[in-house]
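Me: I would like to go through a model with you, one topic at a time. Please keep the answers plain and state the criteria as they come up.

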Amino acid sequence: MIKVEKRNDVSRSIYFLTPVLAIFLTLFGGGIIFFILGFNPIEALKFFFITPISDLYGLSELLVKATPLCLIAIGLSFCFKSNNWNIGAEGQLIFGGIVGGGVALIFYNHDGFYVLPIIILSGAIGGMLFAMIPAILKTYFNTNEILVSLMLVYVAKLLLDYLVVGPWSNPEGFNFPETRQFSESARMPILFDGLRIHAGIFITLITVFLSWIILYKTYLGFQIKVSGLSLKTAKYAGFKGKTMIIIVFMISGACAGLAGVGEITGPIGQLHRNISPDYGFTAIIVAFLGRLNPIGIIFASLIVALTYLGAETAQIFLQVPKYTGQVFQGMILFFLLGSDYLLFFKIKFLGLKKNEL
Amino acid sequence: MYKLFLRSLISVLFLLGFSLNANAEFKVGFVYVGPTGDHGWTYQHHEGRNAVEALGIKTTYVESVPEGADAERVIRQLAQSGHDLIFTTSFGYMDPTNKVAKDFPNVKFEHATGYKREHSNVSTYSARFYEGRTLLGHMAGKMTKTNTIGYIASFPIPEVIRGINAMTLAAQKVNPDIKTKIVWVFTWYDPGKESEAAQALIDQGADIIMQHTDSTAPVQVAEKAGVWSFGQASDMQRFAPKSILTSIIDDWAPYYVERAIAARDGTWKQQDTWHGLKEGMVAMAPYNSAMGSNLVKEVEQLQKDLASGKVHSFTGPIYDQKGNILVAEGAVADDGMLAGMNVYVKGVEGDIPQ
């Protein structure tokens, strides 16, 4: 007979240590997988987690990859903390990219310091408006935000497909599904010559800082926290639930939109069908791995970014299948959720009583 | 102090030796857009890589590299880790390939199906798949009972439109009543979408299915529905043994071997390659005997004539959908026209998505 009991006293330090434990378990599990695949586990792990960041270029790439993940996850933390399940960050990212990219095309061959800020702002607004659709439908029509936000991802993807194939395709591009390369004034400034790390990282850092202030120092942050802990309490306290739901979705969407516009004006430099390798979905893992905490999310985004880089390096040097990267992401989440369960619940093994036999 | 100096000297020499050693070995890198097991596009590039490896040349590949921001990093990493020749095997790698090529003038780059050669160390290559489509059109025109050919198309780029037109022209030559119905799926690889498209075309009366996408789904749907089909990129016969009449095979191996040897021996030069049946970059899988020995003989003869240049896929008169003349009687379309082809010929139904 096994009995599961809720624990009442969960220590705060252990709560923040379990993600670290999950990472160690993942490394261990990964080593076993490499061993089964016939690779030397120590060597494979070294190529996976150390080689990619052993030079400046690698570090810069890590930040390039972590920037959108961190931004989106920060936004998602507002939603998740208040029990609003925005699963459609990918769609908000793409829509932000579409709006920002459209503005960049309007300003094609147009110089001026104001061009880039306008593009970035419009991308954020685009993502924000797109995220308001599931929020408004939830608050006024009682729809399920998980379904609506998820389905809107496909809407955004198809809209992007339509635009880059049709009206926005490069007139000199032989009908290939991509727009022109944006002009220099529409591109994120590169921070160091020869590296791809761009000014988008400052946007991310500012966002992290502002989120921390909003979440921990403002009335709104307090409302978000209380609603997350108990909706009934929030209602009893007289919080305006509807406004808060719309605001958290707006913040979340704006962050995803910023990530999208950062990608197209940063490393990509144009709109095409593949502006995001599912950053919006991976960011969900990042948000939970980071404990929905701004600082935690920074670390989580770096670790998850590293699994992408590592998968490439391990394939280049050892020909390890590239999908091990996704296996690692899955394992991290699995071990985190598993240790959370044991953290919040006690499992008691009881002997069988006579009358149960 | 002396010891420290000695130690650092040794480590510097060691590092130097290591890096020289790394440079000494000639290596070839490949960047794939899909998984090596797609049985289509990437699978065939991987076969090409195997042929290079069989020469005793060391090769590396990275599969499923998204065509977005990640491509540049992967290409750069291959260049940085001592690869001397890098094949980037999808259109979406065009700008990243040229960007990396600028920073690694001593590394040679080969980009498939693109048109940008911004630096002297970038070559481009593609195959004249449309010659294979001409053969498919001939068979389709003869085999169809409903006079309707179903065509699953990926993106409205010249390469795909060229294939549709070449097929339709050849089919019309043997069967003037032929109609080509097209479903655009806007993907290169999506078995779900491809099977839906195949089913939709069959429901509209198509009894021949062909596709310019990479999965085996369309031929499998055709097999189930009992209509004829053609394999794409690799020999897909075993996925639909009854239904497949033949497959167009992309055979990159001879080109990869030739370019790898040239790069190793220092004779590599920038070029734009467009090879077809003649050079063997486009090859045909064995013809299905179900179409009758007469038709097999006809098609084999046509294949020889296309390879020798006696027959050209785009010989005039060719008209567009509105009846305007595109290629005059007796003339053949030149490569410039083929490269930028963006109108359907007469007999194709619907409009090109714009």
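Me: Which residue in S5(B) does B:Phe109 stand opposite?
Reply: B:Phe109 stands opposite B:Val122 in S5(B). Strands, like helices, are DSSP runs numbered from the N terminus (helices H or I, at least four residues; strands E, at least two). This is a predicted model, in which local features need pLDDT of at least 70, side-chain atom pairs count only at pLDDT 80 or more, and totals for chains, interfaces and linings use all residues. Residues are numbered from 1 along each chain as its sequence is written, while chains are lettered from A and ligands numbered from 1 in the order in which they are written.

Me: How many bridges pair S4 and S5 of chain B, and in which sense?
Reply: Strand S4 (residues 108-112) and strand S5 (residues 122-127) of chain B pair over four bridges, in the parallel sense. Two strands are taken to pair if DSSP finds at least two bridges between them.

Me: What packs on the sheet there?
Reply: Helix H4 (residues 94-103) of chain B does, touching strand S3 (85-88), S4 and S5 of chain B. The direction of H4 makes about 170° with that of S4(B). Axes are lines fitted to C-alpha atoms, for helices over the stretch in contact, and angles run from 0 to 180 degrees between N-to-C directions. Contact between two residues requires their C-beta atoms, placed from the backbone, to lie within 7 Å.

Me: And what is the strand order of the six-stranded open sheet in chain B?
Reply: The order is S2-S1-S3-S4-S5-S11, with parallel pairing. Strand S2 (58-62) and strand S11 (272-275) of chain B are at the edges with a single partner strand each, so one side of each has no neighbour in the sheet. From one strand to the next, the twist averages 20°.

Me: Changing topic: how is chain B divided into domains?
Reply: The assignment gives domain 1 (2-127) and domain 2 (129-250 + 282-339). Such bounds come from an automatic or database domain assignment. The C-alpha centres of the two domains of chain B lie 34 Å apart. Nine residues of domain 1 are in contact with 13 residues of domain 2, and helix H2 (residues 41-54) of chain B gives the most to the domain 1 side, with three residues.

Me: How many residues of H5(B) are buried?
Reply: Helix H5(B) has 14 of its 15 residues buried, so it is largely enclosed by the rest of the structure. Buried means 20 or more other C-beta atoms within 10 Å of the residue's own, exposed means 12 or fewer, and partly exposed lies in between, with C-beta atoms placed from the backbone.

Me: Which residues of S6(B) point the one way, and which the other?
Reply: B:Thr148, B:Gly150 and B:Ile152 point one way, B:Ile149, B:Tyr151 and B:Ala153 the other, and all are buried. S6(B) also pairs with strand S7 (residues 179-184) of chain B in the parallel sense, over six bridges. In that pairing, B:Ala153 stands opposite B:Trp184.

Me: Where is B:Thr315 found?
Reply: B:Thr315 is in the loop between helix H10 (293-308) and strand S13 (318-319) of chain B. B:Thr315 counts as partly exposed because it has 15 C-beta neighbours inside 10 Å.

Me: Finally, how many residues of chain A are in contact with chain B?
Reply: 21 residues of chain A are in contact with 27 residues of chain B. The largest share of the chain A side, four residues, comes from H12(A).
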